Amino acid sequence: MRFMKYRGLTRLRFDAYLTADQDASRVNTVKMMQKHAKLNNIKLRPILAFPFAFGDRTDFGQYPKGDADALYRQGYNRTYAFVNQFKNDIDTYELGNELNLLVRDKSGQPLWGKGWTPAEFNTPLMNDWAIVLKGASDAIDKINKDNGLNIRRVLNTTSTHFGFVEFMEQKGVKFEVISYHYYERLGTDPNKYWGTFNLFQKLASYKRPIFFNEVNCGEIYDPNFENKWYGNLVENCNKSLNNTLNYMFNQKYANIEEIDIYELIDHPERGGAEGRFGLNYGLSEWKITQLIAAFYAGGTITEGERAYITRRGYPAIQK
């Protein structure tokens, strides 16, 4: 967190597993995180993950029927117990992550280029998830009302899956913020996203603040991505991330409150793309993308480091 402060990075997003097997360690870990976050002016952004995410309808047998009431109580009770402990320190919680991708078409793929309407998400699984998330949403409502607080709820979507947001709203899931994930290659223009629409304009139509809470370049997904200082795909990645941040900083449609880049350091033990999304190889081994992030965040960049950016012509849109 001291390193994040140095680079001007002000939020730390992390999984909060609300499961019985992690009860003992989870709260103590987050208390420790919050202590250091406060010292470094960093806000924590927990992603609430429920037992149902791992196929458990009964919450480790607490609600053995596994019916709609059981799912609601799982979402409500797990959220209330966790959020209530941090209600005066953490003011924003995400209601799951990329749940929209659980709906598949006949080929078994997520609804890429589709998913515009609530009807496309009216499946048994999504109806179950709506019950869990309504429980979580209601729990935060209760904490707010009892304590005069304004803890916010974030609902996430990706791709063209705006029907997911509308479906959950129709089911009574309350949320103050919409979050969106953006991983695109060099040359992608969010003003003509999927070749058909202005992404910022579409997000603005929901009249809520927007978190771009996972951002990075799409080149990282390429199996030939070099993940070292020099290489064509790495240079395209640098340009792509710069262009993405440039678009987001200069667009006039959506109220973008936060931009979070996934993620801080590499995790090569995960293998494949998931092992190399880091802005750094390690805390002491940065990449050009780290300098790009620090530039836009207003963090500390030495003159020598700044030369790596200006040499590439940032922050102008790159070809």
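How many strands form the open sheet, and in what order? Seven strands form it, in the order β1-β2-β3-β4-β5-β6-β7, and the pairing is parallel. Two strands pair if DSSP finds at least two bridges between them. Helices (H or I, at least four residues) and strands (E, at least two) are DSSP runs, numbered from the N terminus.

The model is predicted: local features need pLDDT of at least 70, side-chain atom pairs count only at pLDDT 80 or more, and totals for chains, interfaces and linings use all residues. Residues are numbered from 1 along each chain as its sequence is written, and side-chain values use heavy atoms, with hydrogens and water left out.

The sheet comes first. Seven strands make up this open sheet. β1 (11–17) and β7 (256–261) stand at its edges. Each has a single partner strand, so one side of each is left without a neighbour in the sheet. On average, neighbouring strands of this sheet are turned by 30° against each other, direction ignored. Axes are lines fitted to C-alpha atoms, for helices over the stretch in contact, and angles run from 0 to 180 degrees between N-to-C directions.

Individual pairings can be followed strand by strand. Strand β2 (residues 43–49) and strand β3 (residues 92–95) pair in the parallel sense over two bridges. I47 has E94 of β3 as its bridge partner. Helix α3 (residues 68–85) packs on the sheet and touches β1, β2 and β3. The direction of α3 makes about 165° with that of β2. Contact means heavy atoms within 4.5 Å. β3 and β4 also run parallel, joined by three bridges. Here Y93 has R153 of β4 as its bridge partner.

Strand β4 (residues 152–157) is largely enclosed by the rest of the structure, because six of its six residues are buried. Buried means under 20% relative accessible area, exposed over 50%, and partly exposed in between (1.4 Å probe, protein chains only). Both faces of β4 are covered. R152, V154 and N156 are buried on one side. R153, L155 and T157 are buried on the other.

Helix α7 (residues 232–250) lies across β5 (177–184), β6 (210–217) and β7. It runs at about 160° to β6. N246 is part of α7. At 13% relative accessibility, N246 counts as buried. Apart from its neighbours within four places in sequence, N246 is in contact with Y296, P315, A316 and I317.

One of these contacts, Y296, is among the buried residues of helix α8. Eight of the 10 residues of α8 (residues 288–297) are buried, so the helix is largely enclosed by the rest of the structure. The buried residues are I288, T289, Q290, L291, I292, A293, A294 and Y296. They pack against α1 (2–7), α7, β7, β8 (280–282), β9 (285–286) and α9 (303–310). G298 follows α8 and has a positive phi, near 75°.

The bond runs from Y314 to P315, with omega near 15°. P315 is placed in the segment after α9. Another cis peptide bond leads from Y262 to E263, with omega near 0°. E263 is found in the loop between β7 and β8.

Two helices also pack against each other. Helix α4 (residues 124–147) and helix α5 (residues 162–170) pack at an angle of about 60°, with their axes 10 Å apart. The two are therefore oblique to each other. Angles under 35 degrees count as roughly parallel, over 145 as roughly antiparallel, 65 to 115 as roughly perpendicular and the rest as oblique. M126, N127, W129, A130 and L133 in α4 meet F164, F167 and M168 in α5. By class, this contact has seven nonpolar, one polar and no charged residues. Ala, Val, Leu, Ile, Met, Phe, Trp, Tyr, Cys and Pro count as nonpolar, Asp, Glu, Lys and Arg as charged, and the others, Gly among them, as polar.

Positive phi values also occur in residues other than glycine. Phi of F60 is near 55°. F60 lies in the loop between β2 and α3, and at 48% relative accessibility F60 counts as partly exposed. Phi of W194 is near 50°. W194 is found in the loop between β5 and α6 (199–204). With a relative accessible area of 41%, W194 is partly exposed.
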